[in-house]
Amino acid sequence: MSSTKRRDDRRAAWWFLLPVSAGFVIFYGYPAARGAWYSVTDYTMLNTPSFVGADNYAKLVQDDQFWHSLQVTAWYVILNIASQTLLALGIAALMHRLTGSVLLRATLLLPWLVPNVTVGLLWMWLLDTNLGFVNHLITSLGLAPVGFLTDATLAMPSVAAINTWAYTGYTALLLYAGMLQIPQHLYESAAIDGAGEWRMFQRITLPLLRPVLALVLVVSLIGSFQIFDTIAVTTQGDPASATRVIYLYIYEQAFKYFHLGYAAAAAVCLALILGVFTAIQMRLLRASRSDLA
Amino acid sequence: MRKKNFSLGRLLAWVVVAVIVVVTVFPFWWMVRTALTPAADLYTDNAGLLPHDPTLINFARVLGLTSEAEARAAGGSGAHINFARYLLNSVIYCGLIASFQTLFCAMAGYAFARLRFPGRDLVFAVVISALMVPPIFTLLPNFVLVKDLGLINTMAGMVAPSILMTPFAVFFLRQFFLSLPRDVEEAAVLDGNGPWGIFWRIALPMSRGPLLTIAITTTVWAWKDFLWPLLVGRGEDNRLVTVALGVFLQQSPNTQPDWTGLMAASTLSVLPVLVLLGFVGKRLVQSLNFTGNK
């Protein structure tokens, strides 16, 4: 490589990186530092923030609402990830062995393409206690109508089911894409050996899919921890705080009560939790580098 | 014996696929069906797959084509709703973010993959570290920043945090540029091209697929955006479709939401996405082979 090219490169790199660097500094780096600073102040958006040390964190630890929101979030994550991953794995396996037609794939992708706000509204209407179609089916069987989103024990499973509907197809397509990487001849020779579909799934599909499955699982997990839109539309944290997830809690502290310092401290806690999963995700991303390009 | 079992299993599997398709599609059908139902029939006509007395009035009032009195008579609040405007705002929002973010991230991805400069790997690692920052953490300070800059209720304030970059796109496009064959570029250097020439004339045209992938997924995400536009674009002039739906829900006059209007608006919020799926569906479906972001 000539030295002219090297000098050209160096000068050009500066311009190539200018917009992204500006974006990083202004909207990621600087706000991250500012958020950390807010978390140790009494900022309310109206005052000049003054340092209060670890006060916000001390209050958080004793705040039942905060712990409750973490619990509720964990409950949602467990419900959503379990149903979504198992269903998606089943659908992907069906597509892999039966049909992967573009039409089916487009259909499965449809709920993912729709804004969560629309998804929330759609299901709020379908699950409405008096007029909803689902309750119409239930009452026509002679059963009492169910308050899916108004009953404190049912609200969270209902929200988890709504988001499972919205994201399972997308997750299934990611897993299906992973399955396509598995060499076909493995199935052919297994079939010659007389292996059934279930056995092939257990012995070939599942083990070879593991890296993709792990990545998809971690990415879904990170996404699930940050559920907000669907809940903001359907239940707004009710009934009886049964769906007041951590994201909604932080949002309310910041933009309803203007406890910005306090909200920032809660956001730091959430960031620490998510940081663990994100670190795993980045390792997995690096490991699957060859698949990505 | 085995053959019979096998085909029975296959039949069962097809039935399962059919059920999945119905469960996926039916809510959309019910949305359109409700949008076509007169508000007065909502209590009496909630069983059939088609409305008894289909009407387009709900679409008309959501698009602001009816008078206030007509809208009230049809079950609306009479509050000013102009969904056409919100749709346009959403299209502008998505278009700006998808095009600029893709271009800027491609530039950076190319520099990280192909240009030689001191500290390259370190800078890349720092930029990628932004993946570690959860959106809620930067949301509050970014809101304060945009407020201090006087950009609340402006399109500039709405697109600002995402128009310049997203760490995943930088990562993704760098991976692709790394895989481009070097000899094509070397030939371009011999023809007297500098880094810009190679980027515009060689690298970008050779990466149409990945660029389109990033642009489409960015468009979808921008179309779905809710919280940031809710905070920064509350005004009538720059309200996005998703925010408008939320406002519409709150504006409902009675204890019971204005379902026919909401479903008409929801249908309108899905239509552009369907058009996108029609044009680039195949590419979008294929793109899932690459992207693992959600």
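This is a predicted model: local features need pLDDT of at least 70, side-chain atom pairs count only at pLDDT 80 or more; totals for chains, interfaces and linings use all residues.

Entry 1. Next I asked which residues have the most contacts inside the largest nonpolar core. They turned out to be F83(B) and F177(B), in a core of 192 residues. I then noted that helix 4 of chain B, residues 83-114, is the top contributor to this core with 15 residues. Apart from that core I found another of 5 residues, with I182(A), Y187(A), A190(A) and M200(A) among them.

Entry 2. I turned to how chain B is divided, and got domain 1 (8-73) and domain 2 (83-251). Taken over C-alpha atoms, the centres of these two domains of chain B are 36 Å apart.

Entry 3. I wanted to know how many residues each chain brings to the contact between them. Chain A brings 97 residues and chain B brings 106 residues. The buried area comes to about 9500 Å², with 79% from carbon and sulfur atoms. I counted 1 salt bridge between the chains: D148(B) pairs with R34(A) at 3.3 Å, N to O.

Entry 4. Last, I checked the UniProt record for chain A, an unreviewed entry, which lists transmembrane regions including 102-126 and 257-280. In the model, residues 102-126 of chain A are 92% helix, with end C-alpha atoms 28 Å apart. Residues 257-280 of chain A are 88% helix, and their end C-alpha atoms lie 35 Å apart. Both spans have 0% strand.

Terms used. Residues are numbered from 1 along each chain as its sequence is written. Chains are lettered from A and ligands numbered from 1 in the order in which they are written. Side-chain values use heavy atoms; hydrogens and water are left out. UniProt positions are given in the numbering used here, feature names are shortened, and annotations may be inferred rather than shown by experiment. Helices (H or I, at least four residues) and strands (E, at least two) are DSSP runs, numbered from the N terminus. A nonpolar core is a set of buried Ala, Val, Leu, Ile, Met, Phe, Trp, Tyr and Cys residues joined through side-chain atoms within 4.5 Å. Buried means under 20% relative accessible area, exposed over 50%, partly exposed in between (1.4 Å probe, protein chains only). Domain bounds come from an automatic or database domain assignment. Contact means heavy atoms within 4.5 Å. Buried area is the accessible area (1.4 Å probe) that two parts lose on being put together, summed over both. A salt bridge is a side-chain nitrogen of Lys or Arg within 4 Å of a carboxyl oxygen of Asp or Glu.
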